[in-house]
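Student: I would like to go through this entry feature by feature. Please give the general idea each time, then the case at hand.

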Amino acid sequence: MMERRSFLQSTAAVALLPWLQPLRDSSFDPWLEIEPRHLAQNVVEVARAAGGRPILAVIKNNGYGLGVVNVARVLAPLPQVAGLAVIKLQEALAIRDAGLTGPVLLMGPFDERDLAEMHARDIMPMVYTPVGEALERVTRSAQRPVRVHVCVDTGLGRVGVPYREATALVRDLASRRGVVIEGTMMTFTEDEAFDQEQLRRFNALAAEWKSLGLTTGRRHAASSYTFFQHDNAGLDMVRPGMALFGVYPEPRFRSLNRMTLAPAAALRARVALVKKLAAGESAGYNRAYVAKADTWVATLPVGHADGWPRVAAKGAKVRIADRLYPVIASVSASHTIVEIGPEAAVKIGDVATLWDWQDASRPEDVATACGVSVYDLLMHLGGHLPRRVR
Ligand SMILES: *Cc1c(COP(=O)(O)O)cnc(C)c1O
């Protein structure tokens, strides 16, 4: 066996990084803790708020940081979950590699050359371009139908067939042998008034397709935000992500009492160093913090390279042994410094919680305290962080 240190120094280490994962996590490496019970609870809450409509669970971006397979394993078997949706093909394949067989929708782009493999592995494409012929070719060689969801652009201007051209595409797809339109979908702009115009456009299309005798499956549009903003957008199926992870998409939604959500993960690290700064001494690059009086500070080995935002130093607090301590100085790539106060109240090795599910430490609290969105906290978690399922 090559010594670990010399292995790390060799250039091969970069390419072989996943190979390192079986090694024991250092107790000082920051980690993510996943609470599957909270995921399941949130599903119940979302289903209730959705009036019992089925949930197409969005677990893109590596399962909102928690690990796409970790999350898929918990959500897929739940009766309220009609399927899983991801944006990247590799995430869809990872779900299949894990042995999960339920419906998976790929909401991201795909190459026509990938269609055969997607079909073989039962990954449904979201379509919005003239792919009818390519789909027909795949079903012909596989001898079984291909199921698709058609994405309509009702005003977001991102992806989707423009709503004025949607009927032509739906007609073409519906006429293809072996092509089954299992759903039609759109995404809101989250502009409160314009959302309703988007919904009118989408509903008008559904009525038109019905009158033309086209079978277009379940309609879905509602992300987490929609639950708190509109009562009439549940359609046939809902499509939330963030709410399933127990986080309110905007902190102000917490007080609306629409749902009781429990964050399904925690970001933690251990105190690496505790030291006393004398009045006038500084901490951090550019001497960003200067002690006004003698004070103890603690250094945590977690930084923006792990997904803990740089702006955390603008007001976020970290919990150590049930007390909150302000982040000071500046968050660097791998370090965060917190101010402990006149007593050395924490010690090396203590667990520090950057965010979890406890009040005052929730992602919404941290996001509000330092002026970021909760999506900034969850969508940038380092891929290297150990994910420990509780
Ligand atoms: C991310 C995403 C969702 C879910 O959004 P949340 O805000 O996390 O609920 C739904 N639909 C599409 C197309 C998405 O990309």
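**Reading the model**

Tutor: Start with a strand: Leu 273 is placed in strand 11, residues 273-277. Strands (E, at least two residues) and helices (H or I, at least four) are DSSP runs, numbered from the N terminus. This is a predicted model, in which local features need pLDDT of at least 70, side-chain atom pairs count only at pLDDT 80 or more, and totals for chains, interfaces and linings use all residues. Residues are numbered from 1 along each chain as its sequence is written, and side-chain values use heavy atoms, with hydrogens and water left out.

Student: Is Leu 273 buried, partly exposed or exposed?

Tutor: Buried means under 20% relative accessible area, exposed over 50%, and partly exposed in between, with a 1.4 Å probe and protein chains only. Leu 273 has 38% relative accessibility, so it counts as partly exposed. Its C-alpha atom is separated by 8.3 Å from that of Val 297, 24 residues apart along the chain.

Student: Where is Leu 75 found, and what is its relative accessible area?

Tutor: Leu 75 belongs to helix 5, residues 68-75. Its relative accessible area is 0%, so Leu 75 is buried. Between Leu 75 and Val 43 there are 8.1 Å in space, C-alpha to C-alpha, and they are 32 residues apart in sequence.

Student: How many helices and strands does the chain have?

Tutor: The secondary structure comes to 13 helices and 19 strands. Of the chain's 390 residues, 51% count as buried. The C-alpha trace spans about 80 × 55 × 35 Å along its principal axes.

Student: Which residues are closest to the ligand?

Tutor: A residue is near a molecule if one of its heavy atoms lies within 4 Å of it. Here 14 residues surround the ligand, and the closest are Lys 60, Tyr 64, Ser 224, Gly 241 and Tyr 375.

Student: How is that shell made up by class?

Tutor: Ala, Val, Leu, Ile, Met, Phe, Trp, Tyr, Cys and Pro count as nonpolar, Asp, Glu, Lys and Arg as charged, and the others, Gly among them, as polar. The shell has seven nonpolar, four polar and three charged residues.
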